[in-house]
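Reader: I've got a model to look at and a few things I'd like to ask. Can we walk through it together?

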Protein chains: 2
Amino acid sequence: MHSIAMNISTNVTRNKVNAQITAKRSLLCVGLDSDPAKIPDIFGRMDRPVLAFNRSVIRATANHAVAYKINTAFYEARGIEGISDMQNTLESLPSECLSIADAKRADIGNTSRMYAKAFFEHWAFDAITAAPYMGTDSLEPFFDYDNKLIFVLCLTSNPGSADFEEQQLSSGGTLYDAVLEKVQEWNRNNNAGIVVGATKSALLGEIRKKAPGLFFLIPGVGAQGGSLRDSSLSGLDDNKESALINVSRGVIYPQGDFESPEAFEHAVRIQAAALHEEMHTAF
Amino acid sequence: MHSIAMNISTNVTRNKVNAQITAKRSLLCVGLDSDPAKIPDIFGRMDRPVLAFNRSVIRATANHAVAYKINTAFYEARGIEGISDMQNTLESLPSECLSIADAKRADIGNTSRMYAKAFFEHWAFDAITAAPYMGTDSLEPFFDYDNKLIFVLCLTSNPGSADFEEQQLSSGGTLYDAVLEKVQEWNRNNNAGIVVGATKSALLGEIRKKAPGLFFLIPGVGAQGGSLRDSSLSGLDDNKESALINVSRGVIYPQGDFESPEAFEHAVRIQAAALHEEMHTAF
């Protein structure tokens with residue numbers, strides 16, 4: 001007898017992060033939106049302040065986080081120096097955790113192929129965020145990488161989501177519903193996901209029901225005001241997998257003056273542990 | 001007697017490129033989508049092939065072009081080496097021409113501020129392309145720069161434009177119509193523009209009628225199949241200003257084997273001159 005072929009292909013990256021989610025009972029993605037103007041003075045006096053700061057955050061959070069999200073804007077803003085920090089930060093991430101380039105790219109096909117090459121081959125990120133406006137052929141080059149994860153913007157956490165994302169279409173549903181449907185079509189390699197904001201936790205549950213097979217990246221907790229517990233419960237799939245909750249400012253910038261990197265790390269660790277603890281309730 | 005205050009502020013960048021359009025009777029924007037795999041062998045043997053290639057293209061087109069568009073994907077794909085080429089290419093552009101970062105960025109406000117800082121301050125581009133999906137607060141940080149130009153994706157030239165951009169909204173019109181309306185609201189600093197594909201030249205004329213005051217960036221001529229003459233006529237505003245037609249592959253990759261940079265430059269110059277000549281008919 002032959003075994004029945006699986007419809008859905010194996011994605012080693014997706015399996016890797018799901019194994020971490022299960023093992024740690026955590027959905028925590030730490031957002032490295034590292035701004036030189038905001039990092040503690042103790043790092044400002046070091047050789048490469050942002051890199052030293054990031055490594056400190058990584059050490060403090062490695063037991064609690066299952067993913068790290070590098071917001072490319074914060075590195076691009078400092079040109080080549082920033083890009084070097086991005087590269088060395090990426091190399092400093094725990095290999096068992098997912099690395100996400102929060103890049104929100106997409107363009108015509110031949111250009112998106114270059115973006116995919118940049119983030120998946122040159123930098124070797126595990127995952128990327130992408131923008132849906134230009135449609136199928138602008139995203140296909142990312143989906144061609146069957147061992148990566150691609151999170152397409154769906155319903156975002158910012159006020160401007162009302163301008164276009166939440167508009168009703170004549171064909172029924174909202175624009176973000178149409179995006180959700182397309183992303184499910186694009187999921188032939190089991191590598192598609194969406195970005196859906198935690199500030200809309202009621203909608204988050206509805207979206208999970210409509211898209212049981214997609215990976216969710218959920219920003220907007222903390223500085224942006226979303227509820228962590230609700231987002232965890234609503235975001236996870238039926239296997240208690242395939243969702244990440246990103247916290248950036250709420251974990252990397254603890255209050256206080258720190259006299260040593262160790263003191264800073266201690267404060268970050270406490271914040272990460274508290275977030276982790278709250279996530280346990282969802283498992 | 002007091003003079004009547006102008007409603008629309010002066011934008012030195014917009015004035016600069018419009019002066020070039022008028023002086024050269026050209027709308028030509030040369031797209032530097034420079035791919036190491038496609039540039040002639042004579043450059044491949046040089047120290048920094050892409051930079052040498054770009055400088056050659058710039059020399060060959062400077063009399064015909066009014067703008068240069070650097071497609072960031074092609075540079076990011078090569079990491080720090082590519083970003084260095086981008087920086088030196090930007091420094092090699094004629095100062096009277098507009099420099100556009102074709103970056104298609106946008107994110108929540110505090111992140112978009114970083115992207116704006118990256119492209120407008122660190123690299124000092126004159127203009128950027130941006131993606132509208134996330135709405136007003138994701139684009140405001142770009143529009144705060146009142147002496148830059150921001151081209152928001154409206155109706156693009158690729159097949160995927162049918163997926164979302166051309167969808168009808170319940171409130172009337174298409175998604176791209178809604179974007180067009182918003183961009184006009186965002187134009188308080190006279191620095192807003194749109195990206196509208198040349199492959200839709202009938203629609204291009206309609207869009208110009210609806211948005212007489214916006215700057216248009218029109219890609220899709222050449223390799224993507226749009227008509228140059230129709231796009232020129234439809235794209236320019238009532239003053240025969242405020243439109244750029246981008247050609248990338250159709251100008252930077254002439255057919256043939258080239259034995260010297262001079263031979264390559266000659267071929268590029270002929271292509272640019274032919275495009276320029278065709279644009280004259282629109283003035």
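Reader: How many bridges join strand 2 of chain A to strand 3 of chain A?

Author: Bear in mind that this is a predicted model. Strand 2 covers residues 67–71 of chain A, and strand 3 covers residues 98–105. The two run parallel, and the number of bridges joining them is 5.

Reader: What do the strands of chain A build, with what order?

Author: There are 8 strands, with parallel pairing. On average, neighbours in this sheet are turned by 30° against each other, ignoring direction. Together they make a closed barrel, running 1-2-3-4-5-6-7-8.

Reader: Which strands of chain A does helix 10 touch?

Author: Helix 10 spans residues 228–235 of chain A and packs on the sheet. Its direction makes about 160° with that of strand 8. The strands touched are strand 7 (215–218) and strand 8 (243–247).

Reader: Moving to the two chains, is helix 5 of chain A roughly parallel or antiparallel to helix 5 of chain B?

Author: Both helices cover residues 79–92, and their axes sit 10 Å apart. They pack at an angle of about 170°. Angles over 145 degrees count as roughly antiparallel, so helix 5 of chain A is, relative to helix 5 of chain B, roughly antiparallel.

Reader: Which residues make that contact between helix 5 of chain A and helix 5 of chain B?

Author: By class, it has 4 nonpolar, 2 polar and no charged residues. Chain A brings A:Ile80, A:Ile83 and A:Ser84, and chain B brings B:Ile80, B:Ile83 and B:Ser84.

Reader: Which helix of chain B gives the largest share of the side that touches chain A?

Author: Overall, 50 residues of chain B are in contact with 51 residues of chain A. The largest share of chain B's side is 7 residues, and they come from helix 6.

Conventions:
Residues numbered from 1 in each chain as written. Chains lettered and ligands numbered in written order. Predicted model: local features only at pLDDT ≥ 70, side-chain atom pairs only at ≥ 80, totals over all residues. Axes fitted to C-alpha atoms, helices over the stretch in contact; angles between N-to-C directions. Helix = DSSP H or I, 4+ residues; strand = E, 2+ residues; numbered from the N terminus. Parallel < 35°, antiparallel > 145°, perpendicular 65-115°, else oblique. Contact = placed C-beta atoms within 7 Å. Nonpolar A, V, L, I, M, F, W, Y, C, P; charged D, E, K, R; others polar. Pairing = 2+ DSSP bridges.
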